[in-house]
Amino acid sequence: LTWLCSPLAEKTGKVLGEFCRCYKEQYGVALFNSVRYEIEGNGGPQAQLLHRKVPLEDHVIYSGNLFQYIEENKKWRNRFCVVPHNYGLVLYENKLAYERELPPRVLINSAGYKVLTSVDQYLELVNSSLPGVTPKSGHSPILKCPTDFPLILWHPYARHYYFCVMTGKEQEKWRAVFQDCVRHCNNGISEDSKVEAPAFTDAIRMYRQSKEQYGTWDMLCGNETQVLSNLVMEELLPELRTTIGPRLKGKAQERQRTWIQISDAVYRMVYEQTKAQYDAVVAKCEQERPQMESTIRTDMDQIITSKEHLASKIRAFVLPKAEICVRNHVQPYISSILEALMTPTSQGFAEVREVFFKEVTDMNMNIVNEGGLEKLVEYMEKLSHLAFHPVKMQSCYEKMDQLKLEGLQQRFDVSSTSVFKQRAQIHMRQQMDDAVYTFETLLHQELGKLQGKEDLCRSIQRILERVLKKYDYDSSTVRKKFFREALLQITIPFLLKKLAPTCKGELAKFQELIFEDFASYILVENTYEEVVLQSVMKDIMQAVKEAAVQRKHNLYRDSMVLHNSDPNLHLLGEGIPIDWGEEYSGQPEAESAADKRRRAKQVVSVIQDDEGVLSYEVGAEELLQPGSPEPREPKEPEEPDPAAPPSSPDGVQEIQEALAKESLGDVPSRASMQHTAPPSPKPRADVPSEAAVPHATPAASPAPGAETSSPSAGMACHQPNDKETGEEVTSPGGRCSPLQPTSTTESGEGVQTEF
């Protein structure tokens, strides 16, 4: 790829240059809007439920064993996977390596990935990624899975990851976990940022519209650098495919495999260049922010007057055309779109309510049958993380799979409904956590006043009913806002595209209406879009209002406002977070920080694997065909011939034999691993955080794909640092730093710091 580096860097720089110009323009507008909102205020209905500030501190989402296909040595290996509080996927050699705090094998940020549970699904996507290159019938596919339960992470640009498990139940569980990781990582742009986030998303939208790309965009996934890298790759890939495709040699599956590797290499190059250039423009804007903010606060009234004057002129020109377009092409379909959105979304929120009700009711019954406060503490520790339990929340999330816009999707240029599905699912998780946190806060307040088990159970039931009323109100508010935003996301790009031929070319003449001193805070393009939005907003608000008046899907009317139903509740939410185990465990009050940290590591993972599963060591042997050779003692893997093209094993039997050997070789002894389910790992407060930056490893750590020393080579204890993970983490003191690699292992498979 050396000959491609210079042209790719040049093309990437050109795209980023155009985007950075858009970002600088949008930054001033976003800063003005933020300051204006701060001064004027425009708050909506007050939420009735409390909001937890740090939901998953010191916890692990999930951990367990699965098999991973290692492309470097073409083998399936047993891996111990940990999903920390930030939803990164951290893969260790085995559970022992995790407990000894050895470096992880792979760190994956799953933003932009799709979770596939079928090899056929994967092959279909791979075949479409390189047109004209499809393996002939009867030829070996690009991937063979030794079990019937694969889990594949597919990305349109980055490398793919291949896993498999032994049973269908495990597959469903890991699928729910992976999808939760993707959902969380996709939502990587912080909503707490009132200036940078809107400036970035508006700049992305404006840039794409300048290229005649309207409508929703599936790859608005991850943090800012990831999204911007996707934007660059969207433009680079067609040209890259045309340039490289004809040069690929070998069988169809070899060309496909090579293409995936090339795409991943280019994506990494783009990512590095994008991060540097984007960070530079953000730093420059932040440097200019104090002066800009000072000007805004001083001249706020004049800026508002100037903007309103501009808007009135644009409105007189655009509004008649926009209203005709809305009346003919949008208004007849608003009710259909709204109904399509309301049904699955409201079913999902109803399921959230049902799951919460069932969990609390079951807890109450168990307290009656099994004991009082001691059992309450045990159940409340589990309940407090209900919203982050991927398997229990799956029934809520699955309701959104029913979302279908049918012909409306094509009419309004909606490439996919995944944007709306994931947004609704994030709202569901937040509402569940708010309900749980409000419940535990109210219960915690009552505990000192209760006497006896019967009194406790009555109090739990009473608090549950109060929280459900609050949930119904907040759920209605959140859903109505979601419906309005979704309708705007669908209709506004459609209107802008329809009006562009007659309106966009005439906008330049309005530039002279803006005073030069205010040009950084008022843009003609943004004001034009606001006028278009106003043309359809009335119809959208009316449609949602009518749905609420008719009490469709348990929506409340806007006029129904709960005022001060619990005036002191929000004061309770500002207190110290409740730690049920620590507060009621009988531990002495005086406890050192080291003791607290040690105990925090012993908290049980959020998901309890109560069901027995086939042991991975036994399972690996079961994969062998009857009559196949007995597994021998594990040997050191042979180095692959560097001249040989990359390929997967030719036969399933060979994969199975390799899998059996590898599984047997990953553990010190068979006796130590004979269990029905892997024991719950120790969740660690300092578990590795999200791996966001490729190649951003310290000098003492291997680069992506580099060779690392094996555990037997005397590796000192190590925890991924902020450079490896892309997130600043303060590690506890006294950690050992890793030694320099002294030997190689697994044919070059090393710590791969992913995006």
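## Ground rules and a buried glutamine

Buried means under 20% relative accessible area, exposed means over 50%, and partly exposed covers what falls in between, using a 1.4 Å probe and protein chains only. At 3% relative accessibility, Q26 therefore counts as buried. Please keep in mind that this is a predicted model, in which local features need pLDDT of at least 70 and side-chain atom pairs count only at pLDDT 80 or more, while totals for chains, interfaces and linings use all residues. Residues are numbered from 1 along each chain as its sequence is written, and side-chain values use heavy atoms, with hydrogens and water left out.

Where does Q26 sit? Q26 is part of helix α1, residues 2-40; helices here are DSSP runs of H or I with at least four residues, strands are runs of E with at least two, and both are numbered from the N terminus. The side chain of Q26 makes a polar contact of 2.9 Å with that of N526. Such a contact is a pair of N or O atoms within 3.5 Å; within protein, one must be able to donate a hydrogen and the other to accept it, and residues adjacent in sequence count only if both atoms are side-chain atoms. Leaving aside residues up to four places away in sequence, Q26 touches A199, D202, A203, M206, L523 and N526, where contact means heavy atoms within 4.5 Å.

## The chain as a whole

The protein chain has 20 helices and eight strands. Of its 755 residues, 51% count as buried. The accessible surface of the chain is about 34700 Å², and carbon and sulfur atoms supply 50% of that; these areas come from the Shrake-Rupley method with a 1.4 Å probe, and for residues only the protein chains shown count as cover.

What share of the contacts with a separation of 6 or more comes from residues 24 or more positions apart? In this chain, such residues account for 82% of those contacts.

## Nonpolar cores

In soluble globular proteins, nonpolar side chains tend to be buried together. A nonpolar core is a set of buried Ala, Val, Leu, Ile, Met, Phe, Trp, Tyr and Cys residues joined through side-chain atoms within 4.5 Å. The largest one here has 164 residues, and those with the most contacts inside it are F19, Y23, F178, F356, M363 and F439. Helix α8 (residues 300-370) gives the most to this core, contributing 25 residues. At least three residues come from each of domain 1 (1-48 + 189-299) and domain 2 (60-186), with bounds taken from an automatic or database domain assignment.

For a closer look at one member, F19 touches F200, A203, I204, Y207, L228, L231 and Y278, again not counting residues up to four places away in sequence. A second, separate core has 17 residues, including V119, Y122, L123 and M166.

## Salt bridges

A salt bridge is a side-chain nitrogen of Lys or Arg within 4 Å of a carboxyl oxygen of Asp or Glu, and by this rule the count comes to 32. D202, one of the residues touching Q26, pairs with R205, and their closest N and O atoms are 2.9 Å apart. Because D202 and R205 are three residues apart in helix α5, about one helical turn separates them. D202 counts as partly exposed at 23% relative accessibility, and R205 likewise counts as partly exposed at 28%.

D472 forms a salt bridge with R353, the closest N and O atoms being 2.8 Å apart. D472 lies in helix α13 (residues 452-503) and R353 in helix α8, so this pair ties together parts that are 119 residues apart in sequence. Elsewhere, salt bridges that share partners join E38, E196, E286, R289, E293 and R297 into one network.

K74 lies in the loop between β1 (60-70) and β2 (75-84), while E212 is in the loop between α5 (196-210) and α6 (224-244). E212 counts as exposed, at 55% relative accessibility.

Y397, in helix α10 (residues 390-397), counts as buried at 2% relative accessibility. Its contacts, with residues up to four places away in sequence set aside, are D180, R183, A387, Q425, M428 and R429. The C-alpha atoms of Y397 and I426 are separated by 9.0 Å, and these residues are 29 residues apart along the chain.
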